[in-house]
Amino acid sequence: MDVLGTLLKLWNDSGFNSFFVGDGWKSLVMIVIACALLYMGIVKQFEPLLLVGIAFGALLTNLPGNGLYTPELWDAFLDPNSPAYHSYGAILTKGGLLDILYIGVKAGVYPSLIFMGIGAMTDFGPLLSNPKSLLLGAAAQMGVFVAYFGAVCMGFTGNQAASIGIIGGADGPTAIFLTTRLAPELLGAIAIAAYSYMALIPLIQPPIMKALTNKKDRQIKMVQTREVSKTEKIVFPIVVAIFVILLLPSTAPLIGCLMLGNLWKECGVTERLSDTVQNSLMNIVTVFLGISVGATTVASRFLTWDTIKIVVLGLVAFGISTAGGLLGGNVMCKLSGGKINPLIGSAGVSAVPMAARVSQKVGQKENPSNFLLMHAMGPNVAGVIGSAIAAGFLLAVYG
C-alpha cells in the first residue's frame, strides 16, 4: 500500500500528470511548437543563433512544474496596485533561473548590448558615400506605421499596436526592446514573429521586388561609390548619437550602444574592445536573450487569437516595409535618370546583411555583371538607424 501510495504521489507531482489536468494540454501543444521551432532553427537554419535559444526557452517554460519561469511574479511587477510594482526584489528571491535571466530583457540590457555588437560589425561607409540611402531606410519603415494602425483597428491597445508594428522594421532586438516596455505580455509572440520573418527574407522579399520593379530597372548597373575617409567614419557615430538622442531621448539605449560599438570599430585605437563586443560579448548576450525571450511563451498566454493576429500583422508589416523601400527606390531611380537600381530599396529594412544580399541576388539574376551588394548596404544600415528611431518615436508617444 505504501509503495502504491508513493507511486501515486510521484505521478500526481510529475509534469506528465499536469498534461491531463485543466488546460495542461496547452503546454503539450507548446512543446510541439517549440520542437517545430527547433527544427526550423537547426535543420532549416532560420536565424539559428537566436531561434534555437528562443525555441529551447519555450520548451523549458512549458514543461510543467519546473519553476524556471513564474509569470505571476511578472504580473505583480507590472501591477501598479501590487507591493511588488516595478521591484525586482520578489523576482530575485522567489523567481526561477529564467525569471532572473529575463531581468536583462525587461531592463533593456540585452537588446542594447546586441546593438553594441551590431555597431561594431557594421560599416557605415556605403551610407556615407551615398547619403541618399537614408531616405530608403526611412521609406522602409512604412510597414511599421501601417501595421500599427491595422493593430489598432483589430482591437489592440496603442501600446500593443506599437509593439506589433515594429516587427515591420525587421529588427529583432528593437522589437524586443520596445515590447518589453510597452506590451511585455506579447513579447513571446512578437519576438518569434520578428525573427521568423527575418529568417524568411529570401522567400518573402523577391516576389515583392519583382512585382514593384520592371525588368529594365532591375538590370541597372550602378557605378562604384566614392571612397569614404577614416575621419568621416569616426565623426559619423558621434554626430548621429548627439543628434538622434537629442531629438528622441528614448532612443538613447539603442542608438547610444550602436554608435559606441561602431566608434570602437572605426577609431583604430580600441581593436580589443571592438573584437570583444563583436564576438565574446555578442555570443554571451545572444545566449541569455534567446532563452529569456523563449521563456515568455507560456502556453496559457501564447495560445490565443491575439498571437495569430500578431503573426498576420507582422507579415503584413514586413511586406509593406519592403514595398515602401522599393517605392522609394523607384522614385530615386527616376529622379537620377536611371542611375539607381530600385532593388536596393528593399534592403532598407533592418536585417543586416541578409536584405542587402537578397538585393544582390535578385539583381544579379537579371544582369549577371551586376554587383549591388555594397550599394544595398547603404539602405540596409540606414534601416538599422531608422528602426531604432521609429521605436524611439513610438516609445516617446506611449512610454
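## Aromatic pairs and a ring cluster

Rings of Phe, Tyr and Trp (its six-membered ring) are taken to pair if their centres lie within 6.5 Å, and planes under 30 degrees apart count as stacked, over 60 as edge-to-face and the rest as tilted. Ring pairs of this kind join Tyr-69, Trp-74, Phe-77, Tyr-88 and Tyr-102 into a cluster. The model is a predicted one, in which local features need pLDDT of at least 70 and side-chain atom pairs count only at pLDDT 80 or more, while totals for chains, interfaces and linings use all residues. Residues are numbered from 1 along each chain as its sequence is written, and side-chain values use heavy atoms, with hydrogens and water left out.

Over the whole structure, a search finds 10 aromatic pairs.

Phe-145 and Phe-393 form another edge-to-face pair, with 6.2 Å centre to centre and 65 degrees between the planes. Phe-145 belongs to helix α11 (residues 142-153) and Phe-393 to helix α23 (residues 373-398), so that the pair links parts of the chain 248 residues apart. Phe-145 counts as partly exposed because its relative accessible area is 29%, and Phe-393 is likewise partly exposed, at 40% relative accessibility.

## Charges over rings

A charge is said to sit over a ring if NZ of Lys or CZ of Arg is within 6 Å of the ring centre and within 35 degrees of the ring normal. The charged end of Arg-181 sits over the ring of Phe-177, 4.1 Å from its centre, and that of Lys-309 sits over the ring of Phe-156, 5.8 Å from its centre.

## A residue of helix α3

Val-29, found in helix α3 (residues 24-42), is partly exposed because its relative accessible area is 31%. The C-alpha atoms of Val-29 and Ala-299 are separated by 7.8 Å, although the two residues are 270 residues apart along the chain.

Conventions
Helix = DSSP H or I, 4+ residues; strand = E, 2+ residues; numbered from the N terminus. Buried < 20%, exposed > 50% of the residue type's maximum accessible area, 1.4 Å probe, protein only.
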